[in-house]
Amino acid sequence: MQHGFSESDWLAYLEGRLAEGAAAEIDRHVAGCAECAQFVNRSREWERQILEATRKVAEYPFATRERVEELLLAALDRIDMGETARIRPSGAILVLRRLLEPLLGHKVAEGFIDLAMRRASLSGAAELEPHTWPLFVEQLCLAAESLGGANTERMIARAGARMAAEMI
Amino acid sequence: MAVPAQAPTRICATTGDTTSLTNEEQAVASFLNEPSNATFAVIFRLYVPRLIRYFRFRGCSPAVAEELAQDVMLAVHRQAPTLRERQRFRAWLYRIACNILLQSWRKRSREIETVEFDWAADIAHLGGHPLDTLILRESMDSIEPDEREILLLRWVEGLEHHEIAEVLKLPMGTVQWKTFRIRKKLARLVR
């Protein structure tokens, strides 16, 4: 069901973002097309119902005001205790590189890290996300074991796990 | 430690959250311009209930949801100096929440290839009478996991398309296309 209009036009129309002229064109089409009229009416009614349902869900006390205050106190305590020095994946990769380079040489270490990053990055992005860190370490361990042996693999696994605990 | 005094709040007409968008923007701007315990406390009170809801909707128990929400806010506190554009705050916040959720799942399941969001049964009754949230349950059950996440971010968290794109690291065109697909599928639920 597009009837000559693009999906982005239909979406913008339903969301009230379409320019006046284009919206009037769809209005005219909808007025003469029972299928589209039914779709538009149902889609708007669905949105009305879903917003009503989510409004009711938003009213549900997921956390009471008192509980939020308790959590805030705990969070401020954690901040005061210095729980601030966390590590990013880019910093953690540098640490692992420095561990590997003396054992495998600069080029091999860099190659292993690049390969592990490519395999761990689900989206193909150049930067690792914290949630892909364990997969990166796993891949690096496999590579490290193939050339550096079990001790190198264990060293990388331990260092990777320690940094994972500190990573956001 | 003394907790800074609570800022005045009011009910937002569209989301039901206990502040207006303007207040929200002001709170975020104050925190980003001058991160302190006082400004942090304001955004903590504002976002923690929403973050708990975010994690509960993705299958976390109440205790885990509270813990993860607190972790998100601590990450916000730590990383605030790196974010200067306050209009990107909500997308940034939910991106952190998404990362922390994935890390949590990773710890629990040791699997990250397939992200399957749980639709916790107890959520179904949160609106009071089960019929009140029937459409939400039916909608969630009628779409794919990746579409479910867009539905939650769009209609429960109230994010804009560009914010969803940033949270999920998808092109905005993909988010809009999927949003339209969701609407097409779910319009059929209405009789």
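**Where chain B meets chain A**

Let's start with one pair of side chains: Arg154(B) and Glu15(A) form a salt bridge, and their closest N and O atoms lie 3.0 Å apart. This is a predicted model, so keep that in mind as we walk along the interface. Between chain B and chain A the count comes to five salt bridges. Polar contacts are found as well, in 14 residue pairs across the interface, with both partners at pLDDT 80 or more.

Which helices of chain B supply at least two residues each to the side that touches chain A? They are helix 2 (37-56), helix 3 (62-79), helix 4 (89-109), helix 5 (134-141), helix 6 (145-156) and helix 8 (172-187). Helix 2 of chain B gives the most, with 10 residues. Sorted by class, this side of chain B holds 27 nonpolar, 15 polar and 14 charged residues.

Now step back to the whole interface. Here 56 residues of chain B are in contact with 52 residues of chain A. Together the two chains bury about 5,500 Å², and carbon and sulfur atoms account for 65% of that area.

An α-helix has 3.6 residues a turn, so residues three or four places apart point the same way.

Note on methods: Residues are numbered from 1 along each chain as its sequence is written. Chains are lettered from A and ligands numbered from 1 in the order in which they are written. This is a predicted model: local features need pLDDT of at least 70, side-chain atom pairs count only at pLDDT 80 or more; totals for chains, interfaces and linings use all residues. Side-chain values use heavy atoms; hydrogens and water are left out. Contact means heavy atoms within 4.5 Å. Buried area is the accessible area (1.4 Å probe) that two parts lose on being put together, summed over both. A salt bridge is a side-chain nitrogen of Lys or Arg within 4 Å of a carboxyl oxygen of Asp or Glu. A polar contact is a pair of N or O atoms within 3.5 Å; within protein, one must be able to donate a hydrogen and the other to accept it, and residues adjacent in sequence count only if both atoms are side-chain atoms. Helices (H or I, at least four residues) and strands (E, at least two) are DSSP runs, numbered from the N terminus. Ala, Val, Leu, Ile, Met, Phe, Trp, Tyr, Cys and Pro count as nonpolar, Asp, Glu, Lys and Arg as charged, and the others, Gly among them, as polar.
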